[in-house]
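Reader: I'm new to this one and would like a close look at a single part. Could you take me through the inside?

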Amino acid sequence: MFLADDLPADTAERDHFLLRIMGSPDPRQVDGLGGADPLTSKVAVVSLSSREGVDVDYLFLQVFVDEPIVTDKQNCGNMLAAVGPFAIERGLVAARDGETPVTIRMVNTDQIAVATVATPGGRVTYEGDTAIDGVPGTAAPVPLAFRDTAGSTCGALLPTGNAVDRVGGVEATLIDNGMPCVILRAEDAGIHGDEGRDALDADETFKARVEAIRLAAGPLMGLGDVSDQSVPKMVLVSAPRAGGAIATRCLIPHRVHASIGVLAAVTVATACLLDGSPAAALARVPDGRRKTLDVEHPSGTTACVVELDGDGQVVGAGMVRTARKLFDGRVFA
């Protein structure tokens, strides 16, 4: 987490600095702070917002692990959970007694999210009883509410106008409700959908097949050549096995995700509501205009709350995340 004023203003200088501090390119990131995984090689840049009604701007940067690439082509909902506490601690937002809402502009897609931060006595607390599957321990809840995420990067919820397209010889939904995703049946990629992350990561034939579909989908989604981009994410869906709405295996984009990203989960949950889509055909969807869909992944489940209008269109989405302060100090490049 960085204040924008603490980073070089020049983009090339900034990216060079971030590669140095994260230890990229190196599969181990041994000479830096990155955790040798795309999930932990991430940066949030935060500043006061000049937009009326918005507290702070948040720019997400994905720092590749084994390539000298820093990209701003996507959002990150997990890093978003830490933006509110960080903004309060750095004095960008005044804390209230009890809870403090922080309105955040996600600069990557120019869209808005509201994070609610626990601030008893006007101070951020990270202690609490909320558990997130795949994360040890518990922490204070950070509810996230997303506004107008449809078409965040691609310009439309369904950039091709179709709930189903045929890409690389298989049926897929090309969709963007906060994260550009290509959603297809796991069996169409040659897997069952319950394989472990390591087994799938070791299957080069499987990953090559999925990457070929991703490269073909990129131009259809208005993203152009995506060979050096971190989007679209590839999500392979199958029938739920643990009482959830849908089971997933997600690639980000060349390694299998240990769970699933926040905005990817929201996008998958939305796809479950599209008649005729691969996800809808497999999903168990509850009744009602406000639905909680548990998206299964290798580490457990992620609960997504989706709200529909009278016409059955998605008008709101949200979920609960957590954040924990690890350390606060100086980093040297």
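Predicted model: local features only at pLDDT ≥ 70, side-chain atom pairs only at ≥ 80, totals over all residues.

Author: Residues are numbered from 1 along each chain as its sequence is written, and side-chain values use heavy atoms, with hydrogens and water left out.

Now, your cysteine. Cysteine 250 is buried, at a relative accessible area of 1%; "buried" means under 20% relative accessible area, "exposed" over 50% and "partly exposed" in between, using a 1.4 Å probe and protein chains only. Cysteine 181 is buried too, with 0% relative accessibility. A disulfide takes a pair of cysteine sulfur atoms within 2.5 Å. Searching the whole structure turns up 0 disulfides.

A cavity here is a set of points, on a 1 Å grid over the protein atoms alone, where a 1.4 Å probe fits but cannot get out, and lining residues have an atom within 4 Å of a point. Grid points are joined across faces, edges and corners, and a volume is the space filled by probe spheres set on the points.

The largest cavity has a volume of about 150 Å³. It is lined by 18 residues, and those closest to its centre are Lys42, Gln74, Lys233, His257 and Gly261. Helix 2 (77-89) and helix 5 (262-271) each bring at least two lining residues, with helix 5 giving the most, 3 residues. Helices (H or I, at least four residues) and strands (E, at least two) are DSSP runs, numbered from the N terminus. By type, this lining has 9 nonpolar, 7 polar and 2 charged residues. Nonpolar covers Ala, Val, Leu, Ile, Met, Phe, Trp, Tyr, Cys and Pro, charged covers Asp, Glu, Lys and Arg, and the others, Gly among them, are polar.

The second largest cavity holds about 50 Å³ of space. Its lining includes Pro85, Thr116, Tyr126 and Ala323. Here strands do the supplying: strand 6 (111-119) and strand 7 (141-147) each give at least two residues, and strand 6 gives the most, 3 residues. That lining splits into 8 nonpolar, 2 polar and no charged residues.

Methods: 1 Å grid on protein atoms, 1.4 Å probe; cavity = no way out; pocket = protein on both sides within 12 Å on 5 of 7 lines; lining within 4 Å.
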